[in-house]
Amino acid sequence: MFWRFFSLALCQLVPLVLVWSFADFKDASVPLLLAALVGAYLWLALDAVRGLHLLRWLRAGDMQQPSPGRGLWAEVADRVRRVVRTHERALAEGERRLQEFLAAIQASPNGVVLLDADCRIEWFNQTASSHFGLDAQRDMLQHFGNLVRDPVFAAYYAAKNFDREVLMAGRDHGGGVQVMLSVHLHVYGEGRSLLLSRDVTAVEQAEAMRRDFVANVSHEIRTPLTVLAGFVETLQTLPLPEDQRSRYLALMAQQAQRMQTLVSDLLTLSRLEGSPPPPADDWVSVALLMAQCEQDAHDLSMVLWGTAQSLHFQFDPGLEIAGSTVELHSAMSNLIGNAIRYSPVDKPIDVRFVTTAAGGLMFSVVDKGQGIAAEHIPRLTERFYRVDRSRSRETGGTGLGLAIVKHVAQRHGAALSIDSTPGKGSRFSIAFPAQRVRCREPILIDA
Ligand code: ADP
């Protein structure tokens, strides 16, 4: 401010001094006044030029350029620059926060769609894009209901009751599985809404499997129970001759056995699902396992056919597998049992252990039985899936055997494979990895 007054005074003083020193007036007051006025106008003109420079600098909007002028104008420029910088910093901070927020929503495993008061899309994340098949370029500001033409969503939106979520079909991504979405709208602001979508395909599948499982178990138990209840009623109400009575009791024992086998298989499955993985350093002798399996096969064959079916075992007696004896025995015995149950009694069955090129071990059961059509093979390990329902029941099957085998194999890092030709026979194999297999040299005892 001092500089301003000083420059004004200087601008007036210079013409005054000039007029005073060079002019010779009788009455000097008017020329001096004029000189002072000229000086003041000169100062004003200079000041306006500085103001114009500042205005041009402001209009250019480039705060990096040095500000023009000095004194008051420089101060004004400096203040403006500071205000603009503070404002720019606040804007940049706001933008950074917004980008971080959007990145967080992008990373969300749930779909997020922002809708305006007219249900038009304002923003959506990548997950929502794949859930509903939305395109960021094409679909912005489009009405959500026009793009997602699902009657369930249309009814949900029309009802305006957003306390609950709805289940609707999502965009099919191929792979043959219908994607199921749980969709929930949350209203905020002035009629805007936030639409959240969650992929619940796996949950829905698990729930459907649970329902099927309960229905299957109930059905499997109800059949022998009904038969048992019928026999009990007959025995209670009718005075039967001794031979018929004992025949009925034998049939009742058979049904009770069937239920027992079913419950035992169910317990085995639930143990396999709930227990820790089998040990990797407990070595089970293949010879011991095969001796148990041979005994089981003999017993089963005698019960079913009244004679021992011929079985050929081929393995190195020094072989050992790391894992659980009970589980391995259950899996191998199941496969050998199936071969007996699904092939004629006069056809021999081969049970082999062959070492693989990778150092692993392949256990195979090969029969010359009825075989299985190709379309059934991928479903054989599903619980209660049966190709030949009546044969399975007649021979005491529960429909859980191969599910148990698959579980045991997986728990031992092994894989179950099935090859079969209808009318010719089947081969069921379990391939154990090298780290679960070792070959102990037979111990020679010196006599
Ligand atoms: P099940 O107790 O009915 O035998 P599994 O799970 O062991 O149940 O087998 C499922 C189905 O696979 C059986 O019902 C049967 O139809 C078929 N199956 C299993 N093993 C054989 C086999 N060796 N030969 C022909 N069919 C088989």
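Two strands are taken to pair if DSSP finds at least two bridges between them. On this basis, the predicted model contains five strands that form an open sheet in the order S2-S1-S5-S4-S3, with antiparallel pairing. The edges of this sheet are formed by strand S2 (121-124) and strand S3 (166-169), each of which pairs on one side only. Neighbouring strands of the sheet are turned against each other by 30° on average, when direction is ignored. In general, the strands of a sheet pair through backbone hydrogen bonds, in either a parallel or an antiparallel sense.

Within the sheet, strand S4, spanning residues 180-188, and strand S5, spanning residues 192-199, pair in the antiparallel sense over eight bridges; Leu181 stands opposite Asp199 in S5. Helix H6, comprising residues 151-159, lies across S3, S4 and S5, and runs at about 20° to S4.

A further site of interest is Gln142, which is placed in the loop between helix H4 (126-132) and helix H5 (144-147). The relative accessible area of Gln142 is 34%, and because values between 20% and 50% count as neither buried nor exposed, this residue is classed as partly exposed. When residues up to four places away in sequence are not counted, Gln142 touches Cys119, Arg120, Ile121 and Leu147. The C-alpha atom of Gln142 is separated by 9.6 Å from that of Leu115, the two residues being 27 residues apart along the chain.

Key. Residues numbered from 1 in each chain as written. Predicted model: local features only at pLDDT ≥ 70, side-chain atom pairs only at ≥ 80, totals over all residues. Heavy atoms only, no water. Helix = DSSP H or I, 4+ residues; strand = E, 2+ residues; numbered from the N terminus. Buried < 20%, exposed > 50% of the residue type's maximum accessible area, 1.4 Å probe, protein only. Contact = heavy atoms within 4.5 Å. Axes fitted to C-alpha atoms, helices over the stretch in contact; angles between N-to-C directions.
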